Amino acid sequence: MVLRDFLSKDLLLPELQARNKAEVLAEMVAVLALHMPDMDAEAAFQVLKDRESLGSTGIGDGVAIPHGKLEGLERIALVVGRSVDGVDFDALDRKPCHIFFMVLAPEQVAGMHLRILASITRLLKDEAFRCAFLSAGNKELFWDALNSA
């Protein structure tokens, strides 16, 4: 499986404006809703909030991977964002998160959902990738960093 097969330039947010966890989720869902008008944005936001209530998806090293399964979704959706200033996401290491990979999957594709999460986790363990991703100066370089992985 190649992660870039699930990426779209339109769903890259190199300058998240959000200042807290709920705002990050809302901003990412809002962008996704523009590209998936049949998606229930309120339900997507609630799924992500419910997942966060079970435990933060802030995994440390400045990374968060909010995710969940959404009834009625037809395909896996991936939104990637960056916060230069960082956001308190209740990460395991208690540090602000700068890199966000939001994954929403249809209820019936659990296996693929887990493989995508594993691929994202492997990618984000690479310190060189994280540095390139964080230092990309524009959307094209941001896209190139994601596609070179």
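Which residues form one aromatic cluster? F101, F129 and F133 do.

This is a predicted model, in which local features need pLDDT of at least 70 and side-chain atom pairs count only at pLDDT 80 or more, while totals for chains, interfaces and linings use all residues. Residues are numbered from 1 along each chain as its sequence is written, and side-chain values use heavy atoms, with hydrogens and water left out.

**View 1. The aromatic cluster of F101, F129 and F133.** A pair of aromatic rings is described by the distance of the centres and the angle of the planes. Rings of Phe, Tyr and Trp (its six-membered ring) pair if their centres lie within 6.5 Å; planes under 30 degrees apart count as stacked, over 60 as edge-to-face and the rest as tilted. The count by this rule is 3 aromatic pairs. One of them joins F129 and F133, a tilted pair with 5.6 Å centre to centre and 40° between the planes. Both residues lie in helix α4 (residues 127–135), 4 residues apart, which is about one turn of the helix. Helices (H or I, at least four residues) and strands (E, at least two) are DSSP runs, numbered from the N terminus. F129 counts as buried because its relative accessibility is 6%, and F133 is buried with a relative accessible area of 0%. Here buried means under 20% relative accessible area, exposed over 50%, and partly exposed in between (1.4 Å probe, protein chains only). From F129 to I116 there are 13 residues in sequence and 17 Å in space, C-alpha to C-alpha.

View 2. E52 counts as buried because its relative accessibility is 9%. The charged end of K21 sits over the ring of F89, 5.0 Å from the ring centre. A charge sits over a ring if NZ of Lys or CZ of Arg is within 6 Å of the ring centre and within 35 degrees of the ring normal.

**View 3. R51 in helix α2.** R51 is partly exposed because its relative accessible area is 25%. Not counting residues up to four places away in sequence, R51 touches T57 and H67. The C-alpha atoms of R51 and F133 are 82 residues apart along the chain and separated by 26 Å.

**View 4. G81 in strand β5.** Is G81 buried or exposed? G81 counts as buried because its relative accessibility is 0%. Residues up to four places away in sequence aside, G81 touches L13, L16, M28, H98, I99, F100, F133 and F142. G81 and L16 are 65 residues apart in sequence and 6.3 Å apart in space, C-alpha to C-alpha.

**View 5. K9 in the segment before β1.** Strand β1 covers 12–13. K9 counts as partly exposed because its relative accessibility is 31%. Which residues does K9 touch, not counting residues up to four places away in sequence? They are K139, E140 and W143. K9 and S56 are 47 residues apart in sequence and 27 Å apart in space, C-alpha to C-alpha.

View 6. Most residues other than glycine have a negative phi, and most peptide bonds are trans. D61 is in the loop between β2 (58–60) and β3 (63–64), whereas R94 lies in the loop between β5 (77–87) and β6 (97–106). D61 counts as exposed because its relative accessibility is 55%, and R94 counts as exposed at 78% relative accessibility.

**View 7. The largest pocket and its lining.** Rolling a probe the size of a water molecule over the atoms shows where empty space is left. On a 1 Å grid over the protein atoms alone, a pocket is an open set of points where a 1.4 Å probe fits, with protein on both sides within 12 Å along at least five of seven lines; lining residues have an atom within 4 Å of a point. The largest pocket holds about 190 Å³ of space, a volume being the space filled by probe spheres set on the points, which are joined across faces, edges and corners. The lining consists of H35, M36, P37, D38, M39, D40, L70, E71, G72, L73, E74 and R75. By class, there are 5 nonpolar, 2 polar and 5 charged residues in this lining. Ala, Val, Leu, Ile, Met, Phe, Trp, Tyr, Cys and Pro count as nonpolar, Asp, Glu, Lys and Arg as charged, and the others, Gly among them, as polar.

Conventions
Contact = heavy atoms within 4.5 Å.
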